[in-house]
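Please read the following briefing alongside the sequence and the model shown below.

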Amino acid sequence: MTTRTLPWTPPPSVDVEALPAGKWWDAVRAAPTVGERALETLGDETGAVIQDKHGPLYWLVAVGSATSWHLRQVRVLTELADEKTYLGVPPVSWTEGPETHWRVPLTADRYLTDAFRLWGALAEADRAMLGPVPQGRRTCYRCELPTDEPVIVDVEHGGSGAGRTIYACPPHARNYQRDPVAEAAAMRRALHRGRTR
């Protein structure tokens, strides 16, 4: 059996090193909620995964294999035409947190993740954790800024028919709390008119 070697050298066991994305690999960054679910879905089909001290997960994929992706809470780190993007890479021996570490250890046999499988796992996690994907930009109910990654957090029903859909950007979606008084009033109006939700 032949032993494969990596086309790059991980940092020595001293500290995290900023290495350029787009040279040997691109990196796919996923927020903790989406990333954890995708990692579980991939199981043994995942390559090496870095988890930084703030929680996001980073998969290494072949250069150029993920540049057209658009998923909520997912970013692709690659070399751009006019600037470089860097990823903090821990030493190979760092396999436990809470600092930046290899969540799935890097080896010559476990290196890159298949981009097609990773996209499928992240897309499934996106739908499961954040719900259906609305089309177009929406305004977040909380920060009142437009977001390209809207999450439906509530649908307010009007007593006389159609209500409105409430959107949030991913960071504020986790904090949305429904108004039980407004929901009860809408339900009462609907029941009074002979309709149910």
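Helix H2 (residues 115-130) has 16 residues, which at 1.5 Å a residue should span 22 Å, and its end C-alpha atoms are 21 Å apart, which agrees; the expected span is 1.5 Å times one less than the number of residues. Helices (H or I, at least four residues) and strands (E, at least two) are DSSP runs numbered from the N terminus. The model is predicted, so that local features need pLDDT of at least 70 and side-chain atom pairs count only at pLDDT 80 or more, while totals for chains, interfaces and linings use all residues. Residues are numbered from 1 along each chain as its sequence is written, and side-chain values use heavy atoms, with hydrogens and water left out.

- Asp114 caps the N-terminal end of H2, with a side-chain oxygen 3.2 Å from the backbone nitrogen of Phe116.
- After H2 comes Gly131, whose phi is positive, near 80 degrees.
- The buried residues of H2 include Ala115, Leu118, Leu122, Asp126 and Leu130, where buried means under 20% relative accessible area, exposed over 50%, and partly exposed in between (1.4 Å probe, protein chains only).

**The sheet**

- Five strands form an open sheet in the order E5-E2-E4-E3-E7 with antiparallel pairing, and two strands pair if DSSP finds at least two bridges between them.
- The edge strands are E5 and E7 (101-104), each of which pairs on one side only.
- Strand E3 (residues 49-51) and E7 run antiparallel and are joined by three bridges, and Ile50 has Trp102 as its bridge partner in E7.
- H2 packs on the sheet, touching E2, E4 and E5, and its direction makes about 150 degrees with that of E4; contact means heavy atoms within 4.5 Å, and axes are lines fitted to C-alpha atoms, for helices over the stretch in contact, with angles running from 0 to 180 degrees between N-to-C directions.

**Thr85**

- Thr85 lies in the loop between strand E5 (74-77) and strand E6 (86-89), and at 18% relative accessibility Thr85 counts as buried.
- Not counting residues up to four places away in sequence, Thr85 touches Leu19, Pro20, Ala21, Leu77, Thr78 and Leu80.

**Cysteines**

- The count comes to zero disulfides, a disulfide being a pair of cysteine sulfur atoms within 2.5 Å.
- Cys143 is in no disulfide, as the nearest cysteine sulfur, that of Cys140, is 3.7 Å away; Cys143 is partly exposed, at a relative accessible area of 30%.
- The sulfur of Cys169 is 3.7 Å from its closest cysteine sulfur, in Cys140, too far for a bond, and Cys169 counts as buried at 11% relative accessibility.

Terms used
A polar contact is a pair of N or O atoms within 3.5 Å; within protein, one must be able to donate a hydrogen and the other to accept it, and residues adjacent in sequence count only if both atoms are side-chain atoms.
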